[in-house]
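Welcome to this tour! Open your viewer, keep the selection tool handy, and follow along from stop to stop.

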Amino acid sequence: MPVLQKVLLAVLVGTAPLLAADFRLAAPVSDHMVLQRDKPVAVWGFGDPEEEIDVAFGGQNKQAVADAEGRWSVRLDAMPASTEPRTLVAVGKGGRKAEARDVLVGEVWLGSGQSNMAMTVQRCLDFDREKAAANLPLIRHYKESSAPAEAPRLEGTGVWSVCSPDTVGGFSATLYFFGREVRRELGVPVGLINTSVGGTPIESWLSAETQRSDPATKAVYESRLQEYLSFDVAAAPDLHRKQMDLWRAAVAKARAEGKTFVTPPPKNPLAMRKLKGGPAFLFNGKVANLVPYTLRGMLWYQGEGNANSPELYETQLAQLVTSWRALWADELPFAWVQLPNYRDSKSENWPRMRESMMRVLALPKTGMAITLDVGDPKDIHPKNKQEVGRRLALWALGTVYDRTVPAISGPLPAGHTVDGSSITIDFRHAAGLKTRDGGPLRGFVMAGADRVWKTAAACITDISGETVVVSSAEVPAPVAVRYAWAENPDGNLINGAGLPATTFRTDDWPAAK
């Protein structure tokens, strides 16, 4: 058993005693679930200490003995996909029984993050059309609904829902549109496990042990914990009123000046405290209890909550990927959504955040949906989740499932060469490189040793069609190039599949003051 699993289970045993004679399956092991095909499948539940358990499903029978705290688990042998609704039965002492009905076997993906992962289908584009087309009973959605917790919880709460016009509105939109593409291509049942909370930083989703393992993240963890512990509940309502007054004044000022003000209103601190708790609290309450549900892969849609510290996010996202994989004892494919275009600000935080996300692609079996062209400059919650889900599905289908797809990613920088007055950029995932609108390339800037950025001309080379040459008459001796380096960039570089190139730079200079 991996070290992280041992640590977690030790904490769980010490903090989550079970009621005597309480016999049940774990919350995710319930009616309408989808079990992962072609892998040994974990099934677990709770009973009396030392109780002998028999689990039956699909012609298999497996036995287990509950541990000293009453937790038991078995592994079913790998099974092919099946659309036949079947019942999983666990039987304990005296014949007491727990069942999960209408169980299918197919592909299972877990999705997590903040509000853009939590955002439901009913809040997206063309909901009426999507609702009418949602008679897709082979897609199932599990909403993990537990509260945050101070220590890892052994048991959570949640319900599986069968996709239909009546239920799809409450599904995570990103997960649903991803799952729809996967089901359409593979023709098998798809289970989507959604554990997400709006307005939450990544520190909420990392275990305390993981955050303490690195000096930089340990400092953030301890700061967040102290902030949580010193929170003044009595003063919070008055503080929120003052924050709202300042926000309304800023909105009024912007309108009077004919400007668009897109910063969302401040969150109610009491409500947010209840939703996310302290650092690691959502991991404790909404992730730990999902282990060891057998998965094909994981998806992550978060980052807005950490945009003020973009350099650290590379470490944090890498921690999330590696620690969750260790917890599941499986090097699961893992992909995330890069921050989209949003508002016209001078800040470099969002492009640097996109860069941090891109760098984590150095980890094996990872992918990233580039969304620079489907954001909304006026809304931090863009509604075109159909395209976000499709781009994640292109990556999954092309890599995890080895299907032929137009591309698994938008263009990513693969190196550069300075040649006199120009710089040549090489790209990966760049077959058919072109501009979105058929016009000249936009979004490139260039600087010399003085670090003064100038708008640059760029052209796609004729030799390979997968490189771009950048130059500027104002920068005769260039040393660096940047592309789409803004919160809401005006870049138009795409590949032949129509997927946009990522924000990138060839320098490592600090942010401008």
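**Stop 1: Serine 82**

Select S82 and, setting aside its neighbours within four places in sequence, you will find it in contact (heavy atoms within 4.5 Å) with L104, V105 and P189. Before moving on, note that this is a predicted model, where local features need pLDDT of at least 70, side-chain atom pairs count only at pLDDT 80 or more, and totals for chains, interfaces and linings use all residues. Residues are numbered from 1 along each chain as its sequence is written, and side-chain values use heavy atoms, with hydrogens and water left out.

S82 belongs to strand β7, residues 82-91. Helices (H or I, at least four residues) and strands (E, at least two) are DSSP runs, numbered from the N terminus. Is S82 buried or exposed? S82 counts as buried because its relative accessible area is 14%; buried means under 20%, exposed over 50%, and partly exposed in between, with a 1.4 Å probe and protein chains only. Now show the side chain of R86: the side chain of S82 makes a polar contact with it at 3.4 Å. Such a contact is a pair of N or O atoms within 3.5 Å; within protein, one must be able to donate a hydrogen and the other to accept it, and residues adjacent in sequence count only if both atoms are side-chain atoms.

**Stop 2: Rings**

Next, colour the aromatic residues: the structure holds 18 aromatic pairs. Rings of Phe, Tyr and Trp (its six-membered ring) pair if their centres lie within 6.5 Å; planes under 30 degrees apart are stacked, over 60 edge-to-face, and the rest tilted. Zoom in on F444 and F504, an edge-to-face pair with 6.5 Å between centres and 70° between planes. This pair links distant parts of the chain, with F444 in strand β18 (residues 444-447) and F504 in strand β24 (residues 504-505), 60 residues apart. Both F444 and F504 are buried.

Then select W205, W300, W324, F334 and W336, which form one aromatic cluster. For a charge over a ring, pick R273, which lies over the face of Y228 at 4.0 Å from the ring centre. The rule here is NZ of Lys or CZ of Arg within 6 Å of the ring centre and within 35 degrees of the ring normal.

**Stop 3: The largest pocket**

Which residues lie nearest the centre of the largest pocket? Select G199, K267, K276, E304 and G305, which lie nearest its centre among the 38 lining residues. Helix α8 gives the most to this lining, with four residues. The space in the largest pocket is about 1,100 Å³.

**Stop 4: Backbone details**

Move to the peptide bond from V291 to P292, which is cis, with omega near 10°. P292 sits in the loop between α9 (281-286) and β12 (297-301).

E50, which is not a glycine, has a phi of about 65° and is found in the loop between β3 (41-46) and β4 (52-57). E50 counts as exposed, because its relative accessibility is 53%. Finally, select A280 in the loop between α8 and α9: its phi is near 80°, a positive value in a residue other than glycine. A280 counts as buried, because its relative accessibility is 1%.

Note on methods: On a 1 Å grid over the protein atoms alone, a cavity is a set of points where a 1.4 Å probe fits but cannot get out, and a pocket is an open set with protein on both sides within 12 Å along at least five of seven lines; lining residues have an atom within 4 Å of a point. Grid points are joined across faces, edges and corners, and a volume is the space filled by probe spheres set on the points.
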